[in-house]
Amino acid sequence: MISWTFLIGPAVGGVIGGLTNKVAIKMLFRPYKPKYIGKIHIPLTPGIIPKEKERIATAIGGVVSENLLSSEVLGRNLLSSDMTEKIGRGLDGFFARMQQEPRSLREFALQYLSPEELQRLAQHAEQDITHTLCAKLTDKAIGDKVAEMVIEQVMERLEQSVLGRLGAAVFELMRDAAKAKLAENINEMLHNNADEMMGGMIHSELNSLLDKPISQLTAGKEALLEQAKGSIMKAYSTLVSDSLPKILATVNIQHVIEERIKEMDMKETEAVIISVMDKELKALVWFGVLLGFIMGFVTSFMNA
């Protein structure tokens, strides 16, 4: 029959083992600041983590930036087949919803922009389009091409008229001079009036576009939407491949992580670590209980 005194050793050993590990875990974090008796510094204060906080912050920042959030690791994951397939499916779903969207482009945009921002964007677009078209229209080659087309039409009409070939032959003598003068007048007209002509037209067309239902704008545009999807996917791939390293270098992930850890209050740091490792830390305490129990049992057995 087992004596109760035989169990005292294992029980005491288990309690001591558990308490020792629990105190050791507490001492990782506490006390948060050095303690003194007069001017004498009390050993083991502050706790290990508060004392080594800056070194730990630097180490964690280096590990995360070099192994977890490096451009190679992020690029590999962002360009993986699973990720690109998800983005592709997302774009397909978005375009499908747009083909059924009853709201106008203006109403849709106002979900994300204020009326002032939308107006400002529309004005910028209007100015850019007008400037581009005006630059094309005021090219001297435009006047020459239009004049040539007009002269050709006149020649055809003359040949078909009562004057016939005689009138066409007479006009042929003046062809070059007429073409040059006509081209000059056309170029002058476009130079003086292109901004006003194109500005009004672009303004009207842009507002008409904004007020059309999105479903109407996308109807029958499956090939164009597929092309847009391809362009977006290509732009995404280029952004990740070419720009991600520059973005990460600019952001300096290591420095950001280091500074964030250093800024954290020790109470906050303790709460974060314990929330992440709560299960493991409790297991460590129970491992101390088990180890103390075994050592107590061995001691009682040897003294029996």
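Modeller: A residue is called buried when its relative accessible area is under 20%, exposed when it is over 50%, and partly exposed in between, with a 1.4 Å probe and protein chains only. By this scale Asn 252 is partly exposed, since its relative accessible area is 36%. Asn 252 sits in the loop between α12 and α13, and its phi is near 60°, a positive value in a residue other than glycine. Most residues other than glycine have a negative phi, and most peptide bonds are trans.

The model is predicted: local features need pLDDT of at least 70 and side-chain atom pairs count only at pLDDT 80 or more, whereas totals for chains, interfaces and linings use all residues. Residues are numbered from 1 along each chain as its sequence is written, and side-chain values use heavy atoms, with hydrogens and water left out. The pLDDT is the predictor's confidence in each residue, on a scale from 0 to 100. For the protein chain the mean pLDDT is 81, and 79% of the residues reach 70 or more.

The protein chain has 14 helices and two strands; these are DSSP runs numbered from the N terminus, with helices (H or I) of at least four residues and strands (E) of at least two. Of its 304 residues, 26% count as buried. Contact here means heavy atoms within 4.5 Å. Among contacts between residues at least 6 apart in sequence, 74% join residues at least 24 apart.

The core itself can now be described. A nonpolar core is a set of buried Ala, Val, Leu, Ile, Met, Phe, Trp, Tyr and Cys residues joined through side-chain atoms within 4.5 Å. The largest one has nine residues: Ala 57, Val 64, Tyr 236, Val 240, Leu 244, Leu 248, Ile 253, Ile 257 and Ile 261. The elements giving two or more residues to this core are α3, α12 and α13, and α12 gives the most, with four. In soluble globular proteins, nonpolar side chains tend to be buried together.

Helix α3 covers residues 53–68, and its buried residues are Lys 53, Ala 57, Gly 61, Gly 62, Val 64 and Ser 65. These pack against α2 (48–51), α13 (253–263) and α14 (266–303). An α-helix has 3.6 residues a turn, so residues three or four places apart point the same way. Ile 257, a member of the core, touches Ile 60, Gly 61 and Val 64 when residues up to four places away in sequence are not counted.

Helix α12 (residues 222–251) also meets helix α5 (residues 81–98): their axes come within 11 Å and cross at roughly 145°. Such axes are lines fitted to C-alpha atoms, for helices over the stretch in contact, and the angles run from 0 to 180 degrees between N-to-C directions. From α5, Met 83, Thr 84, Ile 87, Gly 88, Leu 91, Asp 92 and Phe 95 meet Leu 225, Ala 228, Lys 229, Ile 232, Met 233 and Tyr 236 of α12. By class, this contact has nine nonpolar, two polar and two charged residues; Ala, Val, Leu, Ile, Met, Phe, Trp, Tyr, Cys and Pro count as nonpolar, Asp, Glu, Lys and Arg as charged, and the others, Gly among them, as polar. Among the elements of the chain, α5 has the highest mean pLDDT (92), and helix α9 (residues 164–173) the lowest (54). Where pLDDT is low, the predicted coordinates should not be read in detail.

Gly 14 lies in helix α1 and is buried, with a relative accessible area of 7%. Not counting residues up to four places away in sequence, Gly 14 touches Gly 288, Val 289, Gly 292 and Phe 293. Ser 104, in the loop between α5 and α6 (105–109), is likewise buried, at 9%. With the same exclusion of residues up to four places away, Ser 104 touches Leu 210, Asp 211, Lys 212, Pro 213 and Ile 214.
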